[in-house]
Amino acid sequence: MIILKSRPEIALMREAGRIVARVHEAMREMVRPGVTTAALDKRAEEIIRQHGAVPTFLGYPHTGRNDFPASICASINEELVHGIPSVKRWLEPGDIISVDVGATYKGWVGDSAWTYPVGEVDAESKALMEATEGSLWAGIGQARAGNFLADISKAVETHVTQRGFHVVREYTGHGVGQRMHEEPNVLNYVPAGVGKGPKLKAGMTFALEPMVGAGTWRTKVMSDGWLVVMADGKRAAHFEHTIAITDGEPELLTVL
Ligand code: MG
Ligand code: MG
């Protein structure tokens, strides 16, 4: 079931989203050669708590068994998602780093990811980041009442494949609200032979998050049970915003 949110509920998600956007603002400034992913994580947690929120990812999924130990996911180069921050992992010139962060404010979640260049990066990395961010905006452009969920997926997929890159299939966007992962899954591609999915309605809130590989869409999970890397060792990018469907333009929730 897709949970519709009221305007006051969306206003709370907007507050959660603003805190997430503040974290990204800080990350953008901190990302440079020599910084450790643990330092990024520490700063992110400080900002989230200073604003009266809690880090959504910390301790997720709260099973008591290999729960996520940090406030951000920090995934470098061929790492796609779910990288655990570490004092032993520092950024080097030419790297790209995807930072994913969630904040829960008064029980409501904001979720956003961004891939940042570390200094000057090669042309393929630049093109990969541009294609992935562009596909997020293409998807957001279709997030309108009356459209279907698959219109978002199709827009993302088309944008990426036209630029010669590959949409990851094993991880998807999602509904978001009082829980980080609600129905529906928001695919970044349209599988053959499925319908158009649910019709979009005002009050639906989604985390749209294209994940894109430079060489393949296939991924594998590493031995820590979290880190996901591209199977071919080529680079990946990840851009995500939490948005609300309205009767007009889609509303971005994870912005300042
Ligand atoms: Mg996220
Ligand atoms: Mg997400």
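Colleague: How far should the 14 residues of helix H2 (residues 37–50) span, and how far apart are its end C-alpha atoms?

Modeller: At 1.5 Å a residue, helix H2 should span 20 Å, and its end C-alpha atoms are 20 Å apart, which agrees. The expected span is 1.5 Å times one less than the number of residues. Helices (H or I, at least four residues) and strands (E, at least two) are DSSP runs, numbered from the N terminus. This is a predicted model, in which local features need pLDDT of at least 70 and side-chain atom pairs count only at pLDDT 80 or more, while totals for chains, interfaces and linings use all residues. Residues are numbered from 1 along each chain as its sequence is written, chains are lettered from A and ligands numbered from 1 in written order, and side-chain values use heavy atoms, without hydrogens or water.

Colleague: Which residues of H2 are buried?

Modeller: Buried means under 20% relative accessible area, exposed over 50%, partly exposed in between (1.4 Å probe, protein chains only). In H2, the residues Thr37, Leu40, Asp41, Ala44, Ile47 and Ile48 are buried. Down the axis of H2 these buried residues fall within an arc of 130 degrees (taken from the directions from the axis to the C-beta atoms), so they line one face of the helix. Exposed Lys42 and Gln50 sit on the face of H2 turned away from that buried side. The cover over the buried residues of H2 includes helix H1 (7–30) and strand S4 (96–105). After H2 comes glycine 52, with a positive phi near 80 degrees.

Colleague: Which residues have the most contacts inside the largest nonpolar core?

Modeller: In soluble globular proteins, nonpolar side chains tend to be buried together. A nonpolar core is a set of buried Ala, Val, Leu, Ile, Met, Phe, Trp, Tyr and Cys residues joined through side-chain atoms within 4.5 Å. The largest one here has 51 residues, and Met27, Leu40, Ile97, Ile152, Phe206 and Leu208 have the most contacts inside it. Elements giving two or more residues to this core include H1, H2, S4 and helix H4 (149–162). H1 provides the largest share, seven residues. Leaving aside neighbours within four places in sequence, isoleucine 97 is in contact (heavy atoms within 4.5 Å) with several residues, among them Leu40, Ile76 and Trp114. A second, separate core of 14 residues includes Phe68, Val176, Ala207 and Leu253.

Colleague: Is threonine 132 buried or exposed?

Modeller: Threonine 132 lies in helix H3 (residues 123–141). Its relative accessibility is 0%, so threonine 132 counts as buried. Not counting residues up to four places away in sequence, threonine 132 touches Pro210, Val212, Ala237, His238 and Phe239.

Colleague: Which residues coordinate the magnesium ion (ligand 1)?

Modeller: Donors are N, O and S atoms within 2.8 Å of the metal (3.2 Å for Na, K and Ca); water is not among the atoms, so sites may look incomplete. The magnesium ion (ligand 1) is coordinated by Asp100, through two OD entries, by Asp111 (OD) and by Glu240 (OE), at 2.0 to 2.5 Å.

Colleague: How far apart are the magnesium ion (ligand 1) and the magnesium ion (ligand 2)?

Modeller: They are 3.1 Å apart, and aspartate 111 coordinates both. Aspartate 111 is in strand S5 (residues 108–117), while glutamate 240 is in the loop between strand S13 (236–238) and strand S14 (241–244), 129 residues apart. Both aspartate 111 and glutamate 240 are buried. The magnesium ion (ligand 2) is coordinated by Asp111 (OD), His174 (NE2), Glu209 (OE) and Glu240 (OE), at 2.1 to 2.2 Å.
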